[in-house]
Amino acid sequence: MALSPNQPGGPIWSTGRRGAGGRARFALRYFIQLLRTHPVYAGGYVIVAVVAIFALAAPLVAPYSPITADPSVYLLPPSFSHLFGTDVTGMDVLSRVIFAPRIDLAIALVGTGLSAAIGTFLGALVGYHQDARGVPRFLSGFVMRSADVLQAFPVFVFAIALVAVFGQSIASVVFAIAFVNIPIYLRLMRSQVMNIRRMRYVEAAYVSGMPDSYIIRRHVVPNAIAPVLAQLSVNIGWSILLTAGLSFVGAGVRAPTPEWGSMIATGFPNIMTGQWWPSLFPGLALAVTVYGFGIIGASIEFMADPRRRRTLANAGGPIRDPGE
Amino acid sequence: MTERDRLNVTRRTVLEGAAAVAAGGVLPASFPSIAAAAEETHTMVIAAPATPQSLDHEFDVSLGTIDSVGGLYDNLLEYEKVHDPKDPEALREDISVHTDRPYNLALKGKLAEKWEVSPDGTVGRFTLRQGVKSNWANELTADDVKWTWDRKLHLNGLGPFQTGVLGITKEEQIQVDGRYVISFHVPKPNPLLLKQMVNLSNPVYDATKCKQVSSSDDPWAHKFLENNTAGFGPYVVSQLTRGQQAVFKARADYYRGKPYMDTVIFKEVPTSASRLSLLQGGSVDIAQFLQPLEYITLTKASGVKVDAVPASFAIWIELNAKIKPFDNVKVRQAMNYALPRDDVLKAVYHGLADKQTGCIPIIYPNFTDKFWTYDTNLDKAKALLTEAGFKDGFKSTLSYNAGDPVQEPIAILYQTSLRKIGVEITLNKVPAATFYDFVTKREQPMIFYLDSPWVPDPGYSTQLYFNSKSYVDYSNYVNPEVDDLIKSGLETLDPKVRDETYTRVQQLVMGDAPWGFIVWPRYVLARRANLEGFTYYTSNNLRFQDFHR
């Protein structure tokens, strides 16, 4: 029995009869309706968009070089020439705040992306073969117990240890973030897949003789991915925090690379002596950005929930899924 | 405009900062009781970065340890004290060459009441003060001094270096000539013979007690001395809780009279911001090792006094002469011309340091700055690089200590300056715990180093850092002429010959530029204004017995 998309027991993001253009139009209209009815979500997207634009256009909009010291203007308070003031070596805080997301976002996106890709892949396999026998069962158990061990360590301490082992570099931080996040996606995907693989449309595919790899790729993963996407956004924000935290304790990027965590760490001692600006502005930028990603995560979670989606569609008027 | 004005440091901003830190919960919860204790006139509370890790200086040179050793033990001799020319409230050791005084030194007896050096300079004989008791009530005798120096020969700690600079390699060279007379026999005339008896690293132990607590596994009482006192100094340790605090009690039977401070509480407060806050609040009497800018904020704070005196400290960059391109003297010179010292003095030290214009401490005898040529000059640096074959510059790595907050800003200023002459350096932050491994392995092309030669002697200082056979020659510097001159200067007592010798050594070293010379940081003490008696020692430590109210 074929099930319609978004019906209980049916695939959430379905395929079927509507074309790609129709799906995109539906998704866009739905997205706009969501932002219209939930302006806080719009705020999150605006924050992240602004940060991303500043990161891309940093060389054009930053008033000074972010890595050139100018000791003639060290620790100047905010003024027209230096809107966010200068730090202990005379570097312009505003310019460094603008350049910093190039590093923070890049590390967080790549690190989280890697962990999501690996975790999702492993989670799908483990979940799909959970009740299998023989080697697949053994491998599933091995992967899950490895994840248990990995998660037994405090994440931050584990990340510091990884950076210490692989050396202080951006690549090491990316690797650390990817590594500590893999179990999150692994467990999330596994739990989703364990439910979905019992759905009738999966059983139907199996009975029709499709290979496991095809079933996983075509029917299981697309319908299990929504929570992963929601987690992705929250995790990016969290990874930015982790990157900043690593830099704060001296295990992150090298000086004088503009990075919010290292800027806070460098400026923190000056708070006691009255120069609050070298650490306050990067701290604010960090907090707002993480908040933005958190809001986006909440909006994705909203969109992934069929019941809330239907409620929104009913409340907002004529948004009809062309596939229905 | 003063430094303080320029930085817009006001009482309000500092209080706001203090409140922020306090609100962050960084102040130890135990300080209310400490504050109450500090109000007692004869109790002194010190906020320090760390408690002593060991009280046995033979194996520990950490800051807390050397402060403790200065109060727990006495030496045979000491220098007379003079007022510091830049800070009349502070005293300092008179380490000048006095050609009108015996052995050209302004010395005073401490545990020794008389001393003499044989005319050929190979025997130093010391007559000990009689009736001096240890904290275990054992009388000081020559056997205590003998046991102390024999211990150095047997333990593989600092001792072999301390005996080595005197040429002492065997127990027989240290002879008991009577119950209260001890003599040291060195193979050649040695100008360090008396100075070593002042050195903080050579205190005298109570051998009677140490022998009682020793065992076949520990014949030199190391385990006992790590946590206990067995000496003839003015204080004893009454509590040592590592990571929290050490408490020292004054000895009523100290041979020079009981010190003013009955109790000294040495409290561990890891962050300098917290130490600053505690001093401002009156909870402690001394806040050690603050950041330069924190000292500046204290200069006009009520009830607080800041002393800043020239010291034996120096901070420099080891330019590894065995790693390209620093094996080329012109490159090393260029690196010196590119160092923005004035900027470092202004932006990093805020005036609490002096430009390092020589290779031995500015306060030491025979120092000269007449070979100083390295005022910042990027054109000259570029020309030297071109002559050395690096017209387009080169790439290298500069390692620095994550535990020293001044090193990163200095490195960033240097990086910016070097970029202008085509030299790209990567900054490598090394955790404090492993930094000294990096230094001692001598495998880094450029690495920061902060140190001080404790014995105020040009021979001792240059022997440490520029003799190619020295363990501390971390820049892998080799100049046979320098080696020979240092050695010859350590084998003569003639002040004129020594002056000529070490002037030439300084000329050669400055020309060879094995270091990137940066600054001499001053020794800075932040204290309550009613606490007096601060005295600077070349070992850069406090002596609790100096202080009074």
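What is the mean pLDDT of chain A? The mean pLDDT of chain A is 84, and 90% of its residues reach 70 or more, where pLDDT is the predictor's confidence in each residue, from 0 to 100. This is a predicted model, in which local features need pLDDT of at least 70 and side-chain atom pairs count only at pLDDT 80 or more, while totals for chains, interfaces and linings use all residues. Residues are numbered from 1 along each chain as its sequence is written, and chains are lettered from A, and ligands numbered from 1, in the order in which they are written.

View 1. Where pLDDT is low, the predicted coordinates should not be read in detail.

**View 2. The seven-stranded sheet of chain B.** An open sheet with mixed pairing has the strand order β10-β11-β12-β1-β13-β21-β14 in chain B, and two strands pair if DSSP finds at least two bridges between them. Strands β10 (235-241) and β14 (304-309) of chain B stand at the edges with a single partner strand each, so one side of each is left without a neighbour in the sheet. Six bridges join β14(B) to the antiparallel strand β21 (residues 523-528) of chain B, and in β21(B) the bridge partner of Val306(B) is Ala526(B). Helix α4 (residues 63-72) of chain B packs on the sheet, touching β1 (43-48), β10, β11 (245-250) and β12 (263-268) of chain B, and its direction makes about 150° with that of β10(B); such angles run from 0 to 180 degrees between N-to-C directions, with axes fitted to C-alpha atoms, for helices over the stretch in contact.

**View 3. Leu240(B) in its strand.** Leu240(B) lies in strand β10 of chain B and counts as buried because it has 22 C-beta neighbours inside 10 Å (buried: 20 or more other C-beta atoms within 10 Å; exposed: 12 or fewer; partly exposed: in between; C-beta atoms placed from the backbone). Leaving aside neighbours within four places in sequence, Leu240(B) is in contact with Pro52(B), Asn227(B) and Ala246(B).

**View 4. A hairpin in chain B.** Strand β6 (residues 112-117) and strand β7 (residues 123-128) of chain B run antiparallel and are joined by five bridges, with Thr127(B) in β7(B) as the bridge partner of Lys114(B). Five residues lie between the strands of this hairpin, where Gly121(B) takes a positive phi near 75°.

**View 5. Backbone features in loops.** A cis peptide bond, with omega about 0°, joins Ala255(A) and Pro256(A), and Pro256(A) is placed in the loop between α9 and α10 (260-271) of chain A. Leu75(A), in the loop between α3 and α4 (93-128) of chain A, has a phi near 55°, a positive value in a residue other than glycine.

Terms used
Helix = DSSP H or I, 4+ residues; strand = E, 2+ residues; numbered from the N terminus. Contact = placed C-beta atoms within 7 Å.
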